[in-house]
Amino acid sequence: MPKLTLKFKNSTLGDFPLQVGHSLTIGRRKNNHVVIDNLAVSGHHAKIDSVGDGFVLLDLQSKNGSFVNEQIVNSHWLKNGDVINIGKHSLVFSYSEGEEIPDDTAEEMERTMIMETSQYRTMMKKSKPSVPKPLKRTIKKKIVGVLTFLSGGSGKINLTGKLTKIGKDSSSDIVVKGLTIGKTAATISKRPDGYFLSYVSGFSKPKVNDTAIKTSVLLNDLDIIDIGSSKLQFFEQTSNKPEITPSPS
């Protein structure tokens, strides 16, 4: 039977066999068959279903999406050698050497799935009565930065303010330890184009992805920040802000 090989960078973390007639779930929660303990992975992120003599990957409306061979997918019939990317981890789908591989009918099955989905949506649309509504709801999405401690601390910090101070002074928003860092070692400023980490004072400069920061740098999702004895990871979270406005007459 085929298997999934879980990898992180160049390290192999384990093999997970797939069985005909059974499903395999992937996610951050411990009740999954494949547990990936990373905040970029949803609690129940994706699953693989056994269908006939093949296997299909289904994304479970995850926050950051599922990718196969670097292409984002909602569903995908798996072929030997396909690489599934979830967060920063990868899962390689493969058959054992000498094992009989089913005929490659994935393309035809994919077309059938798309046709059925389109037909389903059309029927659902027709079945909904057209009823005028006095109000409409507009959803505005905004990005909120979050820091979580990987070492030298615990918990997570939502970067909701315009300026977040980091240093060894007790008045700092995030207190970190280290003999060579300043009372205010760095700041994170919230600007219209993103979150910027800036060096302020101290002999030891903060690092982003192992590169020392001399002035300031734009933070990207999943960046690793080293400052003093602490290591933090930066995340971008999307929040929906509902706004109700009168509907046009």
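Predicted model: local features only at pLDDT ≥ 70, side-chain atom pairs only at ≥ 80, totals over all residues.
Q: What makes Lys3 and Asp15 a salt bridge?
A: Their closest N and O atoms are 3.7 Å apart. The cut-off is a side-chain nitrogen of Lys or Arg within 4 Å of a carboxyl oxygen of Asp or Glu, so the pair qualifies at 3.7 Å.

Q: Where do the two partners, Lys3 and Asp15, sit in the chain?
A: Lys3 is in strand S1 (residues 3-8) and Asp15 is in strand S2 (residues 11-17). The two are 12 residues apart, and the pair links distant parts of the chain.

Q: Why are Lys3 and Asp15 called partly exposed?
A: Lys3 has a relative accessible area of 31%, and Asp15 has 45%.

Q: What sits between the strands in the hairpin of S1 and S2?
A: There are 2 residues between the strands, and in this hairpin Lys9 takes a positive phi near 55°.

Q: How many salt bridges does a search of the whole structure find?
A: It finds 3. Besides the pair of Lys3 and Asp15, there is Lys47 with Asp49 at 3.4 Å, N to O, and Lys231 with Asp226 at 2.7 Å, N to O. The limit is 4 Å, so these two pairs pass as well.

Q: What about Lys231 and Asp226: which label does each one get?
A: Asp226, with a relative accessible area of 19%, is under the 20% line and therefore buried. Lys231 has 27%, so it is partly exposed.

Q: What makes Val68 a buried residue?
A: Its relative accessible area is 4%. That is under 20%, so buried is the label. Val68 is found in strand S7 (residues 66-68).

Q: Which residues is Val68 in contact with, leaving aside neighbours within four places in sequence?
A: Contact here takes heavy atoms within 4.5 Å. By that test Val68 is in contact with Leu57, Val73, His76, Asp82, Val83 and Ile84. For Val83, 15 residues away along the chain, the C-alpha atoms of the pair are separated by 5.5 Å.

Q: Why is Thr187 called buried?
A: Thr187 has 12% relative accessibility, and under 20% means buried, so the label holds. Thr187 lies in strand S16 (residues 186-191). Not counting residues up to four places away in sequence, Thr187 touches Leu163, Thr164, Lys165, Phe196, Leu197, Ser198 and Val200.

Q: What is the strand order in the open sheet of 5 strands?
A: The order is S15-S14-S16-S17-S20, with mixed pairing.

Q: Why do S15 and S20 stand at the edges?
A: Strand S15 (174-175) and strand S20 (216-218) each have a single partner strand, so one side of each is left without a neighbour in the sheet.

Q: How do you know that S14 and S15 count as a pair?
A: Strand S14 (residues 163-167) is joined to S15 by 2 bridges, and at least two are needed, so they pair. The two strands run parallel, and Gly167 stands opposite Val175 in S15.

Q: What lines the second largest pocket?
A: The lining has 14 residues, and Leu39, Ala40, Lys63, Phe235 and Gln237 lie nearest the centre. By class there are 6 nonpolar, 3 polar and 5 charged residues. Strand S22 (residues 230-246) gives the most to this lining, with 3 residues. The space in the pocket is about 220 Å³.

Q: What does the protein chain come to overall?
A: Its secondary structure is 1 helix and 22 strands, and 36% of its 249 residues count as buried.

Key:
Residues numbered from 1 in each chain as written. Heavy atoms only, no water. Helix = DSSP H or I, 4+ residues; strand = E, 2+ residues; numbered from the N terminus. Buried < 20%, exposed > 50% of the residue type's maximum accessible area, 1.4 Å probe, protein only. 1 Å grid on protein atoms, 1.4 Å probe; cavity = no way out; pocket = protein on both sides within 12 Å on 5 of 7 lines; lining within 4 Å. Points joined across faces, edges and corners; volume = space filled by probe spheres on them. Nonpolar A, V, L, I, M, F, W, Y, C, P; charged D, E, K, R; others polar.
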